[in-house]
Amino acid sequence: MPPFRFIDLFAGLGGFHLALDRLGGKCVFAAEWKEHLRDLYEENFGMRPEGDITKVHPEDVPNHDVLTAGFPCQPFSKAGEQLGFECTEQGNLFFNVAAILKKKKPTYFILENVPNLLKHDEGRTWLEIQKILGKELCYDIRAERFSPHNFGIPQIRDRVYIVGSLLPLDGFKWPETSDVETNIGAVLEDNPADAKKLSAQVKECLEVWDEFLKASPPNVELPSFPLWSMEWGATYPYEEMTPHELQRQFGYDSLKRFKGSHGAEISHLKTFEERWAALPSHARTPQEKFPKWKQDFIRKNRQFYQDNKAWIAPWLPKILKFPSSLQKLEWNIKGGKRDIWDHVIQFRASGVRLKRRTTAPSLIAMTDTQVPIIGWQKRYMTPTECARLQSLDELRKLPDSPSKAFAALGNAVNSNVVEMVARALLSTHTSVEVMRKREELEVA
């Protein structure tokens, strides 16, 4: 592959830089708005990124052959508010990327984002992106979803990769994937000294859920839908109307005849505030009707409880002392061993998530408490291990504090996946074809 120049926008830890450097590329420009990551990028790569990309004039960006950008995904993520281009803080940063493409006309670009980008706003956001990149800027574009586990890396982390070329992509082929089973053990150390231990509350919560798993009869299949223990025994209305709509139509006393979280009696509570607080937090939303997915979760949980009340009811009081997010369980191990310490664990807003040892959960812009837990070693993963999941273990240095390291790793691109996508893209055309296109652009 002949030498080429590239730029690294929203650079973060430099996943794009590592990948394209391995292919013989030379980074001629980078941009990253977080000061501590700019410092780190300079230490790792010997060049200091520019800061806020909104203050970078496209004409000041050096000429380059490949533009790379993992532009902020939060405006399009299901985990956020999904404001998209309406998010004035981050959603419109795509247009800064488009402005550089328009001015500098690199032969290729590679963009990365969350898969929900393709469906955001009923597909209108993706149509707008295609219109800008394809019709207005004249790039031939392709998009595909990949996860590191598709390439033998033990992490499930779906991302959409968008590639573009000023030359036709008729002969372009995405890199081949594999369904060979991975194992998280490939990135782990044996009880590393710097691993964060479990807090007393976390350990106790997991032990309580382990009791739940052990109490479940072998002939009872644990469901794959999220288990919401607060719905076990609850009777408040959720199908025809919400509790909010009930009290709006029939007054504050209308909740008294129902049961709230974990079957708690509401009738003896004197004030509306007390009755309202007795409901699960997900039932207090001010809307006339719950969305279908929430109705389905509530219905399935209440039925599961009714079918298994004999063994769940004696256990149920033990979960009451924990915060709401710890009262939910996601069992993603159908047919697996019912021992919580035999699996990979992650605390999410959606609950305590259990996964097989084959892969790690998707790394997100994590707080320390959302870092995956290695159950059989009763500890959190280390930043070094998480860097291996992102194929960033070549970096000489990570952020000094674990919290900054985990946040940066959660926002990073996987350098090995990027390398394979980039190799496929840059191999589509001969150096002669690329040179002719450059000459055409220079004449134009």
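Mentor: Happy to! A residue is called buried under 20% relative accessible area, exposed over 50%, and partly exposed in between (1.4 Å probe, protein chains only). Val180 counts as exposed because its relative accessibility is 58%. This is a predicted model, where local features need pLDDT of at least 70, side-chain atom pairs count only at pLDDT 80 or more, and totals for chains, interfaces and linings use all residues. Residues are numbered from 1 along each chain as its sequence is written, and side-chain values use heavy atoms, leaving out hydrogens and water.

Now to the domains. The domain assignment, which is automatic or taken from a database, gives domain 1 as 4-177 + 401-443 and domain 2 as 190-381. Their contact (heavy atoms within 4.5 Å) takes 12 residues from domain 1 and 13 residues from domain 2. Between them about 960 Å² is buried, with carbon and sulfur atoms giving 57% of that area; buried area is the accessible area (1.4 Å probe) that two parts lose on being put together, summed over both. On the domain 1 side, helix α10 (residues 402-411) gives the most, with six residues; a helix here is a DSSP run of H or I, at least four residues, numbered from the N terminus. By class, that side has five nonpolar, five polar and two charged residues. Nonpolar means Ala, Val, Leu, Ile, Met, Phe, Trp, Tyr, Cys and Pro, charged means Asp, Glu, Lys and Arg, and the others, Gly among them, are polar. Finally, the centres of domain 1 and domain 2, taken over C-alpha atoms, are 38 Å apart.

Definitions and conventions: Helix = DSSP H or I, 4+ residues; strand = E, 2+ residues; numbered from the N terminus.
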